[in-house]
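Please read the following report with the sequence and the structure open side by side. It moves from the strands to the helices and cores, and then to a few single residues.

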Amino acid sequence: MWKIDKSWTLFLDRDGVINVRFDGDYVKNVRQFKFLPGVLGALARISKKFGRIIVVTNQQGIGKGIYTHEDLSTIHAYMKSEVEKAGGRIDAIYYAPDLAAENSPRRKPGIGMALQAKKDFPEIDFSKSVMAGDTESDMLFAQNAGMKAVYIGQNAGKIACDDCVADLPAFADAIDGVK
């Protein structure tokens, strides 16, 4: 793993990394939002290492009319509040409501959300940034932006990444130097 300090930025996917992903469905409200085991503690540890922590998430359920921007805002406010209560932080959340078929540059693997984060936080250096996600789209986002790509999950398979860990707590262990 890399020598991480406060000059580094962590970009995190949401569904499947921070919270339980519903295959073929969406987290539509706070009742459905469930943190994955150990994530809150991991985010508290990670927050001590990285200068910025940014969540970037594709949310085409909005584009499909399944839930609203307001619903997502409520979910994200809850997520941030729980992370902060556990001693962690999320500095910003960017989401792409566009449909996959639209090929919007905002949607991962496009880097629109990374560029918006850089605009809002000019100190972000993509060469000193890590994207942690659980899909090939997340890894391509990292590569397209010039970031390190860390696959979160058990089956990276043929997905190109710089490192692979089982989950966010394992990522926190890796950057802490714990084997």
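## Strand S5 and its partner

In this predicted model, strand S5 is mostly covered, with 4 of its 5 residues buried. S5 runs parallel to S4, and 4 bridges join the two strands. One of the paired positions can be named: Ala132 has Val150 of S5 as its bridge partner.

## The sheet as a whole

S4 and S5 belong to an open sheet of 6 strands, in which the order is S3-S2-S1-S4-S5-S6 and the pairing is parallel. The edges are formed by strand S3, residues 92-96, and strand S6, residues 163-165, each of which pairs on one side only. From one strand to the next, the twist averages 20°.

On the other part of the strand order, S1 (residues 9-12) and S2 (residues 52-58) run parallel and are joined by 4 bridges, with Leu12 having Val55 in S2 as its bridge partner. S2 is in turn joined to S3 by 5 bridges, again with the strands running parallel, and here the bridge partner of Asn58 is Ala96 in S3. Although S3 is an edge strand, 4 of its 5 residues are buried, so S3 is largely enclosed by the rest of the structure.

## Helix H3 and His76

Helix H3, residues 69-85, lies across S2 and S3 and runs at about 150° to S3. Which residues does His76 contact, leaving aside its neighbours within four places in sequence? The contacts of His76 are with Arg14, Thr57 and Ile93.

His76 is located in helix H3 and has a relative accessibility of 6%; because the cut-off for a buried residue is under 20%, His76 counts as buried. The C-alpha atoms of His76 and Ile93 are separated by 7.8 Å, while the two residues are 17 residues apart along the chain.

## Helices H1 and H6

The axes of H1 and H6 come within 8 Å and cross at roughly 25°. Angles under 35 degrees count as roughly parallel, and the two helices are therefore roughly parallel to each other. The crossing in which H1 passes H6 is left-handed. On the H1 side the contact is made by Val39, Ala42, Leu43, Arg45 and Ile46, and on the H6 side by Leu168, Pro169, Phe171, Ala172, Asp173, Ile175 and Asp176.

Within H1, the buried residues are Val39, Ala42, Leu43, Ala44, Ile46 and Ser47. The elements covering the buried residues of H1 include S1, S2, H3 and H6.

In soluble globular proteins, nonpolar side chains tend to be buried together. The largest nonpolar core of this model holds 30 residues, of which Leu10, Leu12, Ile18, Ile46, Phe50, Leu168 and Phe171 touch the most other members. Two or more residues are given to this core by each of S1, helix H1 (39-47), S2, H3, strand S4 (129-133), strand S5 (148-152) and helix H6 (168-176).

Another core, of 22 residues, lies apart from the largest one, and its members include Phe11, Ala92, Phe141 and Ala145.

## Loop residues and backbone geometry

Most residues other than glycine have a negative phi, and most peptide bonds are trans. Two places in the loop between S3 and H4 can be read against that background. Asn103, found in this loop, has a positive phi of about 50° although it is not a glycine, and with a relative accessibility of 66% Asn103 counts as exposed. Pro109 also lies in the loop between S3 and helix H4, residues 112-120, and a cis peptide bond, with omega about 15°, joins Lys108 and Pro109.

Lys158 and Leu140 are 18 residues apart along the chain, and their C-alpha atoms are separated by 13 Å.

Technical notes:
Residues numbered from 1 in each chain as written. Predicted model: local features only at pLDDT ≥ 70, side-chain atom pairs only at ≥ 80, totals over all residues. Heavy atoms only, no water. Pairing = 2+ DSSP bridges. Axes fitted to C-alpha atoms, helices over the stretch in contact; angles between N-to-C directions. Contact = heavy atoms within 4.5 Å. Core = buried A, V, L, I, M, F, W, Y, C linked by side-chain atoms within 4.5 Å. Buried < 20%, exposed > 50% of the residue type's maximum accessible area, 1.4 Å probe, protein only. Parallel < 35°, antiparallel > 145°, perpendicular 65-115°, else oblique. Left-handed = near helix turned anticlockwise from the far one by under 90°.
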